[in-house]
Amino acid sequence: VQLQASGGGLVQAGGSLTLSCAASGTIFYINAMGWYRQAPGKQRELVAMITRDSNTDYADSVKGRFTCSRDNAMNTVRLQMNSLTPEDTAVYYCYAKLRRTRYSVVRDYWGQGTLVTVSS
């Protein structure tokens with residue numbers, strides 16, 4: 001299984017970016033998908049998570065600014081980020097909690113990370 005993230009880059013404060021992530025490979029069922037981020041010198045933190053039924057959970061710091069969505073048929077997840085601030089600067093990692101086959105255990109898989117830099 002591979003998770004390929006894209007969409008990071010440099011943006012000015014107040015701007016917007018959209019991150020996308022596609023899961024590929026042998027996949028039977030994806031329970032949840034989402035995004036974590038890690039800023040320099042800080043621990044990785046959950047940004048947003050979405051279940052298969054489209055229930056979402058967001059970090060308090062991004063509520064009202066970020067929107068997480070997914071396409072179950074395409075095994076993709078997106079993160080629309082608006083009103084970005086320099087505090088949002090981090091490497092963003094997509095993840096998926098999935099089962100590879102009917103008989104596999106559920107595990108977490110991670111993308112390679114995409115850098116988001118917000119300038120003031």
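Biologist: Which residue lies over the face of Tyr 109, and at what distance from the ring centre?

Modeller: Arg 107 lies over that face, at 4.4 Å from the ring centre of Tyr 109. A charge counts as sitting over a ring if NZ of Lys or CZ of Arg is within 6 Å of the ring centre and within 35 degrees of the ring normal. Arg 44 is placed in this way over the face of Trp 110, at 4.9 Å from the ring centre. Please keep in mind that this is a predicted model, where local features need pLDDT of at least 70, side-chain atom pairs count only at pLDDT 80 or more, and totals for chains, interfaces and linings use all residues. Residues are numbered from 1 along each chain as its sequence is written, and side-chain values use heavy atoms, with hydrogens and water left out.

Biologist: Why is the pair of Tyr 95 and Trp 110 called tilted?

Modeller: Rings of Phe, Tyr and Trp (its six-membered ring) pair if their centres lie within 6.5 Å, and planes under 30 degrees apart count as stacked, over 60 as edge-to-face and the rest as tilted. The centres of Tyr 95 and Trp 110 are 5.6 Å apart with 35 degrees between the planes, so the pair is tilted.

Biologist: What makes Tyr 95 buried or exposed?

Modeller: Buried means under 20% relative accessible area, exposed over 50%, and partly exposed in between (1.4 Å probe, protein chains only). Tyr 95 has 6%, and is therefore buried, whereas Trp 110, at 38%, counts as partly exposed.
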